[in-house]
Amino acid sequence: QVQVVESGGGLVQPGGSLRLSCVVSGISLEWFDMGWYRQVPGQQRELVAMFQADLQRKYGDFVKGRFTISRDSAKNMVSLQMSSLESEDTAVYYCNARHFSAGPMDSDSYWGQGTTVTVSA
């Protein structure tokens, strides 16, 4: 059984930093992309960052150099270091691990339960 477990969400002040981590178990991730999406109620889930199986990193346009994604393949872990956080970054952040050939909602795509990030003074 594949398990995707996120950690690290919480409340942070504008301009602050936060680190999210995600560990995936139950599956070999050798050919998998791993990354983060976020969702605000009433809006579509959007890509935050993805660390691809080919070692390329992709970021959402809104990131603008504020976030850094990293991956530890030995630990089946992906992390997201977020800095210069803004109130607009408030959302539920979801970890996603999927085969490089799969789409986000395909059968070879696995999601965590989400961790809430709140940016507020």
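Guide: Welcome! A nonpolar core is a set of buried Ala, Val, Leu, Ile, Met, Phe, Trp, Tyr and Cys residues joined through side-chain atoms within 4.5 Å, where buried means under 20% relative accessible area, exposed over 50% and partly exposed in between, with a 1.4 Å probe on protein chains only. The model is predicted, so local features need pLDDT of at least 70 and side-chain atom pairs 80 or more, while totals for chains, interfaces and linings use all residues. Numbering starts from 1 along each chain as its sequence is written, and side-chain values use heavy atoms, leaving out hydrogens and water.

Visitor: How many residues does the largest nonpolar core have?

Guide: Among the elements that give two or more residues to this core are β3 (18-25), β5 (46-51) and β9 (91-99); strands here are DSSP runs of E, at least two residues, numbered from the N terminus. W36, V48, F67, L80, M82 and Y93 have the most contacts inside the core, whose size is 27 residues.

Visitor: Which strands stand at the edges of the open sheet?

Guide: Four strands form this sheet in the order β1-β3-β8-β7, with antiparallel pairing; two strands pair if DSSP finds at least two bridges between them. Each edge strand has a single partner, so one side of it is left without a neighbour in the sheet; these are β1 (3-7) and β7 (67-72).

Visitor: What stands opposite T68 in β8?

Guide: Strand β7 pairs with β8 (residues 77-82) in the antiparallel sense, over 6 bridges. In β8, the residue facing T68 is Q81.

Visitor: Which residue touches V48, Y59, F62, L80 and Q81, among others?

Guide: Contact is taken as heavy atoms within 4.5 Å. Residues up to four places away in sequence are not counted, and the list also includes M82, S83, L85 and D89; the residue is F67.

Visitor: Is F32 buried or exposed?

Guide: F32 forms a stacked aromatic pair with Y110, 6.4 Å centre to centre and 20° between the planes; rings of Phe, Tyr and Trp (its six-membered ring) pair with centres within 6.5 Å, and planes under 30 degrees apart count as stacked, over 60 as edge-to-face and the rest as tilted. The partners are 78 residues apart, in β4 (residues 32-39) and β10 (residues 109-111). Y110, at 22% relative accessibility, is partly exposed. At 6%, F32 counts as buried.

Visitor: Which ring does the charged end of R45 sit over?

Guide: A charge sits over a ring if NZ of Lys or CZ of Arg is within 6 Å of the ring centre and within 35 degrees of the ring normal. R38 lies over the face of F62. Ring pairs link Y37, Y94 and W111 into a cluster, and R45 sits 3.7 Å from the centre of the ring of Y94.
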